[in-house]
Amino acid sequence: MGSTVLSLRIDGELLDRLKQHAARRGMSVQDYVVRTLIRDDFDERFQAAVDETEKFYGAEGVTAEEVT
């Protein structure tokens, strides 16, 4: 798996908050941001899978929170 460079321009206040969050976890800001994006991507894919399952089985009123 290769990697690609992504350059971001972010507000100084946001960068400070990201540094604090990363430091609490003993991570670099880069690692913290990447892990956050990976987690968000997983959550979206999981929700899509739950939605497809609900369509297939005809479940109504069941949310992803109730499944997990």
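1. D41 is partly exposed, at 38% relative accessible area; the scale runs from buried (under 20%) through partly exposed to exposed (over 50%), with a 1.4 Å probe and protein chains only. The partner of D41 is R45, and the two form a salt bridge whose closest N and O atoms lie 3.0 Å apart. A salt bridge here means a side-chain nitrogen of Lys or Arg within 4 Å of a carboxyl oxygen of Asp or Glu. D41 and R45 are four residues apart in helix α2 (residues 29-57), so about one helical turn separates them. Helices are DSSP runs of H or I with at least four residues, strands are runs of E with at least two, and both are numbered from the N terminus.

2. This is a predicted model, in which local features need pLDDT of at least 70 and side-chain atom pairs pLDDT 80 or more, while totals for chains, interfaces and linings use all residues. Residues are numbered from 1 along each chain as its sequence is written, and side-chain values use heavy atoms, without hydrogens or water.

3. The structure has three salt bridges. Helix α2 also holds E52 and K55, three residues apart and thus about one helical turn from each other. Their salt bridge has its closest N and O atoms at 3.3 Å. E52 is partly exposed at 47% relative accessibility, whereas K55 is exposed at 61%.

4. In helix α1 (residues 12-24), E13 and R17 are four residues apart, again about one helical turn. Their side chains form a salt bridge at 3.4 Å, N to O. E13 is exposed, with 55% relative accessible area; R17 is partly exposed, at 40%.
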